[in-house]
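Please walk me through this structure, from the chain as a whole down to a single residue.

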Amino acid sequence: MDKIIFDGGNAIMTTINTIPFEGFTQTDFDVFAIPGLEPRMSALIDNVRPKLHQLGERMAPTLSVLCGEEMYPHVAKHARRTINPPNDTWVAFANNKRGYKAHPHFQIGLFESHLFIQFAIIYESNNKSVFADHALSRLNEIRRLVPAHYVWSSDHMVPGGTPHGEMKSDDLKGLLNRLKTVKASEALCGLIVDRHDPLLLDGEKLVSTIEETFSTVLPLYRMAF
């Protein structure tokens, strides 16, 4: 299979062996209904994490070409948890090999209710004001480029958000201004796919949807620098 990858600052075409992605099943989402930290983490590690690693390997080269820089996948480990089990899990992509939280990044992940595919800039990033200023100055462009069914969120720990088509300009301004002034503020934007959507069972179609979504939110990522 021919695949574009990013190498030494140049996009090149190479031939690699790609295992087809199998998609997500109801069992993957049911992991988040398992009570207790250890039982839930065990099921997550066995069922969901291998799929996130596979998506990380599949999407990192594509994102590297889109962004024009090396992008590294980071699968959530939830290593700091000692009591409460995680309500979601994800693979994030950033231009830093050591971590992603302090950087603008992309995410693919699951809550019990849905899959999310999104651009994210969270509270630990020093780029929040940069993104907010650029986004506020290009508000009309954002209104046009983000599809109406994409969702904005101000907290990565809370599932769901507000569809772009339901947000007025003042709502978006409020989210961006809060990003500048409130330390714990965040901004996330992307696609939510209900756990029962047949798309999730068609792994290769889902991969194409992920690629399309990342391409759509790429201008937001670029506004963060």
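Of the 225 residues of the chain, 47% count as buried, where buried stands for under 20% relative accessible area, exposed for over 50% and partly exposed for what lies in between (1.4 Å probe, protein chains only). The model is predicted: local features need pLDDT of at least 70 and side-chain atom pairs pLDDT 80 or more, while totals for chains, interfaces and linings use all residues. Residues are numbered from 1 along each chain as its sequence is written, and side-chain values use heavy atoms, with hydrogens and water left out.

The chain has 6 helices and 9 strands, taken as DSSP runs numbered from the N terminus (helices H or I, at least four residues; strands E, at least two). Its radius of gyration is 17 Å, close to the 17 Å of the globule rule for 225 residues, so the chain is as compact as a globular protein of that length. The radius is taken over C-alpha atoms, and the rule is 2.2 Å times the number of residues to the power 0.38. Among contacts (heavy atoms within 4.5 Å) between residues at least 6 apart in sequence, 63% join residues at least 24 apart.

An open sheet is formed by 7 strands in the order β3-β4-β5-β6-β9-β7-β8, with antiparallel pairing; two strands pair if DSSP finds at least two bridges between them. At the edges are β3 (72-75) and β8 (162-163), each of which pairs on one side only. Strand β4 (residues 88-94) is joined to β3 by 4 bridges, and V75 stands opposite V91 in β4. Helix α2 packs on the sheet, touching β3, β4 and β5 (105-111), and its direction makes about 25 degrees with that of β4. These axes are lines fitted to C-alpha atoms, for helices over the stretch in contact, and angles run from 0 to 180 degrees between N-to-C directions.

The largest nonpolar core has 54 residues, of which F24, F106, L115, F131 and L220 touch the most other members. Such a core is a set of buried Ala, Val, Leu, Ile, Met, Phe, Trp, Tyr and Cys residues joined through side-chain atoms within 4.5 Å. Helix α2 (residues 37-67) gives the most to this core, with 9 residues. Another core, of 7 residues, lies apart from it and includes A76, W90, Y100 and F111.

Finally, T89 lies in strand β4. T89 is buried, with a relative accessible area of 0%. Its side chain makes a polar contact with the side chain of H78 (2.9 Å); a polar contact is a pair of N or O atoms within 3.5 Å, and within protein one must be able to donate a hydrogen and the other to accept it, with residues adjacent in sequence counting only if both atoms are side-chain atoms.
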